[in-house]
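Look at the sequence and the fold together. The report below goes through the sheet, the helices and the ligand.

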Amino acid sequence: MKIKDCIALVSGGGSGLGEAVCRYLAELGAKIIVLDKDENAAVRVSTAVHGMAVQCDITQDQALEEAFVKIQQAHVRPISVAINCAGIAPAQRMVGRNGPVALSWFEEVIKINLIGSFNVMRLSAAQMMKAQVVAEEERGVIINTASIAAFDGQIGQIAYSASKGGVVGMTLPAARELAKFGIRVMAIAPGLFDTPMLQNMPQEVRAALHEQTLFPKRFGQPEEFASLVAQIITNPMFNGEVIRLDGGIRMHA
Ligand SMILES: NC(=O)c1ccc[n+]([C@@H]2O[C@H](COP(=O)([O-])OP(=O)(O)OC[C@H]3O[C@@H](n4cnc5c(N)ncnc54)[C@H](O)[C@@H]3O)[C@@H](O)[C@H]2O)c1
């Protein structure tokens, strides 16, 4: 899939990895839709990339359906790229000092990271299927953001790991289902990336994590994530797979 002139939707595009993807793809000539529940962030990034801002919470079925109608009406063609970067990463033990964690906490993380990603994926795929293409031509690429926590979840990451494990698990069945429409589905499992999500991490924890990374001994830069997104979009052989992007780190317990 060519990036120039493609219409790319980025959920969570208002910050961190999503923002880097918006900027990177726009630089390569894509038309960007920045979807985020934080309206100011969506507008800030969409203004910078001359794209479209859409304020929406990805966990809401009807609101997201309406957002996709708005996106379709604003463009001459359906979207052909959807990158799911919206997510949260709160940490809590299953049983803490005050007893078992609230079930609603677990539900919230699953709702945003897993169900929200599915919500964006189902509507993106439905819109991509409408594209008029000649035989064998691609209609679209969907990239979900998992995490290495799907494989090496640490204490406190029980909900986050479960949600990202779900994202990993959706990849192959989604790719299989959408293949006949010329739509590919991939997931990226990032290690640690320098974004607002990790901003409050104490310096000594950051240093310990740098040390656990094989090479390079630092956090990834959001542009390095965006560069893999661009590779996946342009190389049609990427399909149905989850790629770790983590400098070789294997997280300790
Ligand atoms: N930063 C890392 O080290 C790292 C590592 C592995 C995986 N990830 C994953 O990458 C993705 C992006 O993380 P980031 O570091 O850029 O975080 P971030 O906090 O910088 O950005 C996340 C964005 O998602 C938006 N968002 C959150 N909930 C939403 C909702 N319900 N609807 C719409 N938008 C919503 C936020 O407003 C924010 O703009 C997340 O899924 C995260 O789990 C990040």
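## Basis

This is a predicted model, in which local features need pLDDT of at least 70, side-chain atom pairs count only at pLDDT 80 or more, and totals for chains, interfaces and linings use all residues. Residues are numbered from 1 along each chain as its sequence is written.

## The sheet

An open sheet is formed by seven strands in the order S3-S2-S1-S4-S7-S8-S9, with parallel pairing. Strands are DSSP runs (E, at least two residues), as helices are (H or I, at least four), numbered from the N terminus; two strands pair if DSSP finds at least two bridges between them. Strand S3 (52-55) and strand S9 (242-245) are at the edges with a single partner strand each, so one side of each has no neighbour in the sheet.

S3 is joined to strand S2 (residues 31-36) by four bridges. Opposite Met52 in S3 stands Ile33.

The axes of helix H3 (residues 61-74) and H4 are 10 Å apart, at an angle of about 35°. Axes are lines fitted to C-alpha atoms, for helices over the stretch in contact, and angles run from 0 to 180 degrees between N-to-C directions. H3 contributes Asp61, Leu64, Glu65, Phe68 and Gln72 to the contact, and H4 contributes Asn119, Leu123 and Gln127. Residues are in contact if their C-beta atoms, placed from the backbone, lie within 7 Å.

## Around the ligand

Which residues come nearest to the ligand? Of the 31 around it, they are Gly12, Gly16, Gly87, Thr195 and Met197; a residue is near if its C-beta atom, placed from the backbone, lies within 6 Å. Helix H1 (16-27) and helix H4 (103-128) are the elements that give two or more residues to this shell.

How values were computed. Two residues are in contact if their C-beta atoms, placed from the backbone, lie within 7 Å.
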